[in-house]
Amino acid sequence: MKAVATNPILSGFYPDPSIVRAGDDYYILNSSFAYFPGLPIMHSKDLANWHQIGNVLCDDKSLPLENTRLSQGLFAPTIRYHEGRFYVVCTNISHGGNFIVTADDINGPWSEPVCIKGADGIDPSIFFDEDGKCYYIGTHPNPEGERYSGNYHIYIGELDTETFQFCGDKVDVWNGSMKNIIWPEGPHLYKKDDYYYIMHAEGGTGPNHCEAICRSKSLFGPYENNMNNPIITHRDMGKEYPIQYVGHADLVETPDGEWFMVMLGVRRTEGYTTIGRETFLAKVTWEDGWPVVNPGIAKLTQTVDTGLEEVKWDDDVKNNRDYRFSSMDKIGPEFVTLRNEQEGRYTLSKEGLVMKASKLPITQESNPSYLGLRVQNHAFKAYATVNTTESDNLTKGLVLMQNEGFSLRVEVSENKASALLRQDGADKIIGQTEVKDGSVTFVIKGDGLKGQAEIVEGDKEVMFDEVDIRALSTEIAGGFVGCTVGIYASDNTGSDLTNSAVFTDFRYEA
């Protein structure tokens, strides 16, 4: 059976996709910002069914995130495969700038990051030419002076393949397809037939986002504009169109010579984006030496025939998830923490997940004890059960988080359970109820722009008032991330990682 992809192919907070093929396998990386571990690795055999097999940056040394705001950290990775080796280049805007890591196996181990000296700007990519030479392409402020916000140029420079440092001059080659364009970014360099192509985003990663392309017969240019730019955008479809912000794309060719494009987009609810920028797929053909995206349609489609044999995974990212911690032997790669993990903070035992409580609350921009998943659906339910003891002096809960200043939480501290809506850094109590020693189950439901918290204790069920959660959107909270939902624990006495909370289960249902 041939595979049919359903858009988005990665639902929820999976922005800035980069794709590569290695044999019959396809891999996508996405930005992860200040979530840890960094750069989730998604795998597919058919471009339609995807599952996460790991993360590129999995230790504190390779991914420093101290004092990093949630929408800082790792921006716009690129993954490439050349002569049996994987290459990932990315920007840590908070610590060290642009860097590269390599691995002979997609599952690692990955090398320590190498900082690319002199690689200013963001959104790096690399390209291996037919002669084996390696080139860096990125975007940086106009070297003659940034005349307006977003006045960026795209540049290319050769890299030494052993040291990954520049071994020649950096050359500015392109500054966008239109006059006074803003944010020509996410550039990728390709070669097809007699031409080098630079494909890149323009207009900012918001309502004016688009993807454009130029070409040259010489790698350093001059590059000619595609008169049909942009090659994909939804900015002309009006604010009510169901998919917005389309751009930041990458191309991949199948073994049969078919071409596809992955790109980001958002599915807004009544004008608000709560689950983040997602990854979409489109078919690409070539006409007169230029790519045409979804010919005859020119917009994203609900489904895409990939022409590849279907291969499904048991742990498809769109499936519901049910974690019974006492029966698990490891924490899956899909879980994220806030900033650096600190080894030993989260362990599995026959009682459940043992989480060492941080002295830092979940509402503080720091490194609290938190373990969560990306929210992938506009309508969902999340459940978590925790052991409760009045005298343990811990706060334990379940949170739907956009960032530290915007969240919906349900938590227990001593013998009191509370539901709280946090906006602009201030908590509003939705409701409270008494609980006893034993265990409670937290519930958070999302349905579009409505959210609701519950507490279940034995036969007792308390449903708190439904609240408006549009403040947990990019449009209000700002930044580049989507919401995550997860469990947390903090120590009310100020002790750090001394006392522990035990969670027995965690479920996510769509």
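Phe506 is buried, at 0% relative accessible area, where buried means under 20%, exposed over 50% and partly exposed in between, with a 1.4 Å probe and protein chains only. Rings of Phe, Tyr and Trp (the six-membered ring) pair if their centres lie within 6.5 Å, and planes under 30 degrees apart are stacked, over 60 edge-to-face and the rest tilted. Phe335 is in the loop between β25 (321–324) and β26 (337–338) and Phe506 is in strand β40 (residues 500–509), so the pair ties together parts 171 residues apart in sequence. Strands (E, at least two residues) and helices (H or I, at least four) are DSSP runs numbered from the N terminus.

A quick word on the model: it is predicted, so local features need pLDDT of at least 70 and side-chain atom pairs count only at pLDDT 80 or more, while totals for chains, interfaces and linings use all residues. Residues are numbered from 1 along each chain as its sequence is written, and side-chain values use heavy atoms, with hydrogens and water left out.

Back to the rings: the whole structure holds 22 aromatic pairs. One of them is Trp259 with Trp286, an edge-to-face pair at 5.4 Å centre to centre and 70 degrees between the planes. Trp259 belongs to strand β21 (residues 259–266) and Trp286 to strand β22 (residues 278–287), 27 residues apart, and the pair links distant parts of the chain. Trp259 is buried at 11% relative accessible area, whereas Trp286 is partly exposed at 21%. Elsewhere, ring pairs gather Phe13, Phe33, Tyr35, Phe75 and Phe480 into a cluster.

Charges join in too, counted when NZ of Lys or CZ of Arg is within 6 Å of the ring centre and within 35 degrees of the ring normal.

| Charged residue | Ring | Distance to ring centre |
|---|---|---|
| Lys192 | Trp286 | 4.9 Å |
| Arg215 | Tyr195 | 4.1 Å |

Trp259 turns up again in the largest pocket, where Arg80, Tyr81, Tyr190, Glu253 and Trp259 lie nearest the centre among 22 lining residues. Two or more lining residues come from each of β2 (18–22), β7 (74–82), β11 (122–128), β15 (185–192) and β20 (244–253). A pocket here is an open set of points on a 1 Å grid over the protein atoms alone, where a 1.4 Å probe fits, with protein on both sides within 12 Å along at least five of seven lines; lining residues have an atom within 4 Å of a point. The volume of this pocket is about 650 Å³, taken as the space filled by probe spheres set on the points, which are joined across faces, edges and corners.

Strand β22 also holds Thr279, which is buried at 0% relative accessibility. The side chains of Thr279 and Asn30 make a polar contact of 3.1 Å.

Most residues other than glycine have a negative phi, and most peptide bonds are trans. The Gly108 to Pro109 bond is cis, with omega near 5 degrees, and Pro109 sits in the loop between β9 (97–103) and β10 (114–115). Gly221 and Pro222 are likewise joined by a cis bond, with omega about 10 degrees. Asp16 has a positive phi near 50 degrees, and Arg339 has one near 60 degrees. Asp16 is buried at 7% relative accessible area, and Arg339 is buried at 3%.

Notes. A polar contact is a pair of N or O atoms within 3.5 Å; within protein, one must be able to donate a hydrogen and the other to accept it, and residues adjacent in sequence count only if both atoms are side-chain atoms.
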